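Reader: I've just opened this structure and could use a hand finding my way around. Can we go through it together, one question at a time?

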Amino acid sequence: MNLRHSTALRAVAYGTFYRLPLVLRRRIVRAVVPKYVVGAVVFVHDSEAPAPGRMLLLRQPPGVSWTLPAGLLQRKEAPIDGARRELHEETGLHLSREQLIPATPNAIVHAKGWVDMCYHAFVPASTAPVRADGAEVLELRWFALDDLPRLSPATGRLLGMFGIGPSAAPGSTPSIPTRR
């Protein structure tokens with residue numbers, strides 16, 4: 001099939017598609033377009049720690065590695081609100097929207113079909129009211145960025161994308177915003 005025939009065929013297909021009722025068009029799109037699961041992740045930094053800094057990590061069942069506070073967004077939930085909700089559920093920290101700083105990049109699209117919306121937060125570890133619920137989260141602990149524990153594979157890769165931890169590119173500089 002040459003380019004002219006291909007273009008004509010696509011024009012007929014799109015013309016037919018756009019004449020369909022909106023409800024039917026949406027169903028077709030949902031059936032054929034790749035799906036992504038969207039979650040929110042918060043890098044919680046100790047605002048009192050000297051360089052290189054400290055980060056709050058959590059251990060969830062089965063408890064063999066450490067992760068970041070994170071979770072899936074609820075339907076129609078703004079990513080920043082999902083980040084705040086998950087942070088509160090998993091750590092007890094209740095932060096305002098203004099206390100979350102969008103990471104750069106803010107959205108990480110993973111090849112396996114999920115998207116992480118990433119945020120930074122700075123809290124004083126000495127007074128931050130963190131707590132593990134004992135069910136979803138077994139333990140919370142602050143770790144120096146240059147002495148991180150065994151991380152889950154997904155957490156290690158994500159931190160590495162921001163120049164943090166053992167998966168970071170050699171010689172990379174951590175991508176952490178200045179504290180607010």
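This is a predicted model: local features need pLDDT of at least 70, side-chain atom pairs count only at pLDDT 80 or more; totals for chains, interfaces and linings use all residues.

Reader: Let's start with Thr-155: does that residue count as buried or exposed, and at what relative accessibility?

Author: Residues are numbered from 1 along each chain as its sequence is written, and side-chain values use heavy atoms, with hydrogens and water left out. Buried means under 20% relative accessible area, exposed over 50%, and partly exposed in between, using a 1.4 Å probe and protein chains only. Thr-155 therefore counts as buried, at 7%.

Reader: Which residues does Thr-155 touch, not counting those up to four places away in sequence?

Author: Thr-155 lies in helix H4, residues 153–161. Helices (H or I, at least four residues) and strands (E, at least two) are DSSP runs, numbered from the N terminus. A contact is a pair of heavy atoms within 4.5 Å. By that rule, Thr-155 touches Trp-66, Thr-67 and Leu-68.

Reader: And which strands do the buried residues of H4 pack against?

Author: The buried residues in H4 are Thr-155, Gly-156, Leu-158, Leu-159 and Gly-160. Just after H4, Gly-163 takes a positive phi of about 75°. As for the packing partners of those buried H4 residues, they are E1, E2, E3, E5 and E6.

Reader: Let's zoom out. In what order do the elements run from the N terminus on?

Author: The protein has four helices and seven strands. Starting at the N terminus, the order is α-α-β-β-β-β-α-β-β-β-α.

Reader: Why is the protein described as more spread out than a compact globule?

Author: Its C-alpha trace spans about 65 × 35 × 35 Å along the principal axes. The radius of gyration is taken over C-alpha atoms, and the globule rule is 2.2 Å times the number of residues to the power 0.38. For 180 residues the rule gives 16 Å, and the protein is well over that, so it counts as more spread out, with a radius of gyration of 21 Å.

Reader: What share of the 180 residues counts as buried?

Author: Let's take the contacts along with that. Among contacts between residues at least 6 apart in sequence, 63% join residues at least 24 apart. As for burial, the share of the 180 residues is 39%.

Reader: Which residues does a cis peptide bond with omega about 10° join?

Author: Most residues other than glycine have a negative phi, and most peptide bonds are trans. The peptide bond from Thr-104 to Pro-105 is cis, with omega near 0°, and Pro-105 is in strand E5, residues 101–110. Pro-62 sits in the loop between E2 and strand E3 (66–67). The cis bond with omega about 10° joins Pro-61 and Pro-62.

Reader: What phi does Lys-76 have?

Author: Lys-76 lies in the loop between strand E4 (70–72) and H3. With 83% relative accessibility, Lys-76 counts as exposed. Although Lys-76 is not a glycine, its phi is positive, about 70°.

Reader: One last stop: how far apart are the C-alpha atoms of Ile-176 and Gly-53?

Author: Ile-176 is in the segment after H4, and at 29% relative accessibility it counts as partly exposed. Setting aside neighbours within four places in sequence, Ile-176 is in contact with His-45, His-120, Phe-122, Leu-145 and Ile-164. Ile-176 and Gly-53 are 123 residues apart along the chain, and their C-alpha atoms are separated by 10.0 Å.
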